[in-house]
Amino acid sequence: MNHYRRKWSTLAAAILLAGNLSIAVPAFADQLPASNQPTSSQTTQAAASQSRQQGKVDQPQTTNPAETGRFANQSAGALAQQVRDGKINDQGLINDTYRQIDQQNHQLNNVIYINPDDANQQLQDLQKAGHNEQPFYGVPLLIKGIGQPYKGYPNTNGLSYEQGVQSHHTKNFVQRLKELGFIILGQTNYPELGLINVTNSNLYGPAHNPWSLDRNPGGSSGGAAASVAAGIVPIATGNDAGGSLRIPASWSGVIGLKPTQGLIIGDSTTPSVVNFAETRDINDTVTLLKGLLNPKQAGTLKALPQDLRSLKIAYSLVSPVGTPVSQDARAAVLNAVQFLRAQGFNVVEQDSPVDGVKLMQNYYLGALSDGSVANFLFQQKYHRNLTAEDVKEGLVSPMTYALYEASRNAPKNVRQQYQDGLATVHQRMTTFHQQYPIYLTPTTATTAPLNSDPAFLPADVAKLLQIKDLNFKDQMNLIYAAWLHGLSKTPFTQLANVAGEPALSLPTYVSAAGLPLGIQLEGAPGSDLVLLALGKLFEDHHQFRFLNDYRAQVLPPKQAANPQATAPTKKAGATGGQLANNRMVAGSQLASTGSHKTREVSALQPELPQTGSQHSTILVALGIGSLLALLAVDTEGRHKQR
């Protein structure tokens, strides 16, 4: 009897211990710094050192930590209404947002410039105007650092040799944002010339994804997406020439609309870049779209059908360039298909009629001008052309240099060749949309890449440095091959740009590793509001997966409410200079932002949902049950002995 009792006791104790450990592992992990990462106190000391280097003075904490970010995750429309109603102090809203930037940017490196003095002046001008009917009255806004010039703000194009260059004018797009009531606080991070699908450059360093700080938020509007995902601002502007709004929306878990070409004020009607924003709320997105419409193009917007379910939807799980598509990307689309069918939509599997490889080969012809522009700016400063040595010295990226060299050899008819390619894609998609008004794909083929994953593989970089010796055809083949490493992660977004169509990325999926991934809805030119109506359907049925919601689901309540207090610290570690050198601050101090002490941003590690904590209660119950059974057997045995 004693022999069996000992066996039962050992088994029950083991089960109980396993259950308790599975509960404890996430808690222990949250208390320990990541491997080779600074502790909380080290991060605070580093931040204090950076503040001194910038001429700032550490000040005591002036805000209750529980109140920090009290405006986070609200829609822009809701914030504006509360400001109008006097429920939120407009200056307090600006100060709180700057405080959030100051606390989180040490980890995210998503904001590269702030100007509190200018923001305060904007607020004063808004107050003096004597009316507050603007839809985004008093709402803080961050604008992308490239393609959206604002007088007095940096205008470097992400080129290290352009550091210190400022804009001498304000683009009508930015001016319109101010007219809508926004208060512009600063600029967000982006890659050199906005060329790649991650945010990293020699000048500003990598941005970090608030879902997992070792990953990139995407590009080129990565700083904007990270700012919105982290709850710093409800809207941050960006632009999109090949997916630069939708890619970071997918990898950062926010809403990213690429409007119809030419629909937004200041945008060309010829397929090229479009300006818009990263958002968290469909109503905000609709209001912003209507507010930024070019009056001359407003008539191109299609009216909503009486019944959205009359729209036939095609979906595809196949990469247009023949590269792998992850199981997460496939699952995201199939989940959306199931949802749409449950709502009564006719959804069928059908790939696009466009040859994706030819599309991208033609797309890169259009990118040659970026190399020419970079070389022109380089000549203004150094009075010579770019060379491979400038890549090695960190003055320019390998792809920018490669595009410049190829542009020198481009035949005279390259422009016509590019235009013919655009026309072919437009014609084929026009025919396609007659049968399938909506086209559903993954936004990205994978979840967000690690920041350690290079945009271009070292072997390809070595070849790009020798591109000068090749003929034009071989140069373009090499550019395609070198770009394929990055393109394979994001092959779905370029079609909408080349066709001039609207496309919308929706944050409907989170992988088992705790990383977001979006689905993309694409429609014929002018169907922007139709796409947003479909987005509203997903939103109203609680299909969106934002970071704050995910935290609430997978973290204990106290930690979810204040994740900075316990999250593992990940060092931003910008290449090409530390954050203290990357972030430019107008004025001597950020006095209006309150405390200058850093606090770690929540870094939900990919392994968090895999800790086994979901089984812990079962194991504990089984262990306790085994012990109770053992006690019962023991009691019965003693009765028999008596």
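This is a predicted model: local features need pLDDT of at least 70, side-chain atom pairs count only at pLDDT 80 or more; totals for chains, interfaces and linings use all residues.
Residues are numbered from 1 along each chain as its sequence is written, and side-chain values use heavy atoms, with hydrogens and water left out.

**Exercise 1. The whole protein**

Find out how many helices and strands the protein has, and what share of its residues is buried.

Step 1. Helices (H or I, at least four residues) and strands (E, at least two) are DSSP runs, numbered from the N terminus. The protein has 23 helices and twelve strands.

Step 2. Buried means under 20% relative accessible area, exposed over 50%, and partly exposed in between (1.4 Å probe, protein chains only). Of the 642 residues in the protein, 57% are buried.

Step 3. Contact means heavy atoms within 4.5 Å. Take the contacts with a separation of 6 or more: 80% of them join residues 24 or more positions apart.

**Exercise 2. Ser227**

Work out where Ser227 sits and whether Ser227 is buried or exposed, then list what Ser227 is in contact with.

Step 1. Look in helix H7, residues 222-229, and you'll find Ser227 there.

Step 2. Its relative accessibility is 0%, so Ser227 counts as buried.

Step 3. A polar contact is a pair of N or O atoms within 3.5 Å; within protein, one must be able to donate a hydrogen and the other to accept it, and residues adjacent in sequence count only if both atoms are side-chain atoms. The side chains of Ser227 and Asn110 make one at 2.5 Å. A polar atom of the Ser227 side chain also lies 2.7 Å from the backbone oxygen of Gly223.

Step 4. Skip the neighbours within four places in sequence, and Ser227 is in contact with Asn110, Val111, Leu142, Thr188, Ile232 and Val233.

**Exercise 3. Asn239**

Step 1. Asn239 belongs to strand E4, residues 236-240.

Step 2. With a relative accessible area of 6%, Asn239 is buried.

Step 3. Its side chain makes a polar contact with the side chain of Asn275, at 3.3 Å.

Step 4. Beyond four places in sequence, the contacts of Asn239 include Lys144, Ser220, Leu245 and Val273.

**Exercise 4. Two helix pairs**

Describe how H4 packs with H5 and how H12 packs with H14.

Step 1. Two packed helices are described by the angle between their axes and the distance between the axes. Axes are lines fitted to C-alpha atoms, for helices over the stretch in contact, and angles run from 0 to 180 degrees between N-to-C directions.

Step 2. H4 (residues 90-108) and H5 (residues 116-128) pack at about 160 degrees, with axes 11 Å apart. Angles under 35 degrees count as roughly parallel, over 145 as roughly antiparallel, 65 to 115 as roughly perpendicular and the rest as oblique. H4 and H5 are therefore roughly antiparallel.

Step 3. H12 (residues 368-382) and H14 (residues 398-409) pack at about 100 degrees, with axes 7 Å apart. That makes H12 roughly perpendicular to H14. Residues making this contact include Leu368 and Gly371 of H12, and Thr400 and Leu403 of H14.
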